[in-house]
Amino acid sequence: ANAAVLEGNKRDLVGTIEDGATIKGNVVVGENSIIRAGCYIVGPVVIGKNCDIGPNTVILPSSAIGDNTSIGSSVEIQNCILMNDVRIGSNSYLSNSIIGANNTIGSHFSTEVGRELLIEMMGTLHHAELLGTVMGDDNIIANRVLIKPGKMIANNSNVEAGVTVNRDIPPCSLVV
């Protein structure tokens, strides 16, 4: 669904694109956003206002990045939705995921992607053809965290460094 919505956007680079950044296809970069040198972005992609991307970050098709988001160096993002006020540390990998608002994610974060998953939401099983993770709002995820396919993190949780998340995390949890 995200890909279909983004396809309707036309290229609009309002923000600052540093020399050495490559932008291909229909990419929207919002006001006061900066795409740093070495970034490689392939549309359709939308990047909101007041964002700081890179350097050397790769953003692949069907990704939407909300306002006031910062993404560190050497991050790869593909087919993801990042809401407003998200911070992603360097050397991270996010694929086929939804990241809620006001999340802080440390460096070397990674989402594994699974196919043909059954995920439980509010007591009902749903089929997911291809899914990384779904993360609620206001979470703090430390460095070197791996999220297994289809695992969800609710709101207001903290995940400590080096953890592999292999089950859904309920609201207001501390995972060590």
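Trainee: How many disulfides does a search of the whole structure find?
Mentor: Keep in mind that this is a predicted model. A disulfide is a covalent bond between the sulfur atoms of two cysteines. To count here, two cysteine sulfur atoms have to lie within 2.5 Å. Searching the whole structure gives a total of 0.

Trainee: Take Cys51, then: which cysteine has the nearest sulfur, and how far away is it?
Mentor: Cys51 is in no disulfide. The cut-off is 2.5 Å, and the nearest cysteine sulfur sits 12 Å away, in Cys39.

Trainee: Is Cys51 buried or exposed?
Mentor: Buried means under 20% relative accessible area. Cys51 has 2%, so it counts as buried.

Trainee: And what about Cys80, which cysteine sulfur is nearest to that one?
Mentor: Cys80 is in no disulfide either. Its relative accessible area is 0%, so Cys80 is buried. The nearest cysteine sulfur is 15 Å away, and it belongs to Cys51.

Trainee: Let's move to the backbone. Where is Pro44, and what is the peptide bond from Gly43 to Pro44, cis or trans?
Mentor: Most peptide bonds are trans. Pro44 lies in the loop between strand 6 (40-42) and strand 7 (45-47). Omega for the bond from Gly43 to Pro44 is near 10°, and that bond is cis.

Trainee: Then there's Pro55: what is omega for the peptide bond from Gly54?
Mentor: Look in the loop between strand 8 (52-53) and strand 9 (58-59), where Pro55 is found. The bond from Gly54 to Pro55 is cis, with omega near 15°.

Trainee: Which loop holds Ser62, and what is its phi?
Mentor: Most residues other than glycine have a negative phi. Ser62 is in the loop between strand 9 and strand 10 (63-65), and it is buried, at 10% relative accessibility. Although Ser62 is not a glycine, its phi is positive, at about 65°.

Trainee: What is the phi of Asn96?
Mentor: Asn96 sits in the loop between strand 15 (93-95) and strand 16 (98-99). With a relative accessible area of 12%, Asn96 is buried. Its phi is positive in a residue other than glycine, near 50°.

Trainee: Last stop, Ser63: which backbone oxygen does its side chain reach?
Mentor: Ser63 is in strand 10, and its relative accessible area is 0%, so it is buried. Beyond its neighbours within four places in sequence, Ser63 has contacts including Asn2, Leu6, Pro44, Ile77 and Cys80. At 3.0 Å, the side chain of Ser63 reaches the backbone oxygen of Leu60.

Trainee: And how far is Ser63 from Asn79 in space, C-alpha to C-alpha?
Mentor: Asn79 is among the residues that Ser63 contacts. The two are 16 residues apart in sequence, while their C-alpha distance is 4.7 Å.

Notes
Residues are numbered from 1 along each chain as its sequence is written. This is a predicted model: local features need pLDDT of at least 70, side-chain atom pairs count only at pLDDT 80 or more; totals for chains, interfaces and linings use all residues. Side-chain values use heavy atoms; hydrogens and water are left out. Buried means under 20% relative accessible area, exposed over 50%, partly exposed in between (1.4 Å probe, protein chains only). Helices (H or I, at least four residues) and strands (E, at least two) are DSSP runs, numbered from the N terminus. Contact means heavy atoms within 4.5 Å. A polar contact is a pair of N or O atoms within 3.5 Å; within protein, one must be able to donate a hydrogen and the other to accept it, and residues adjacent in sequence count only if both atoms are side-chain atoms.
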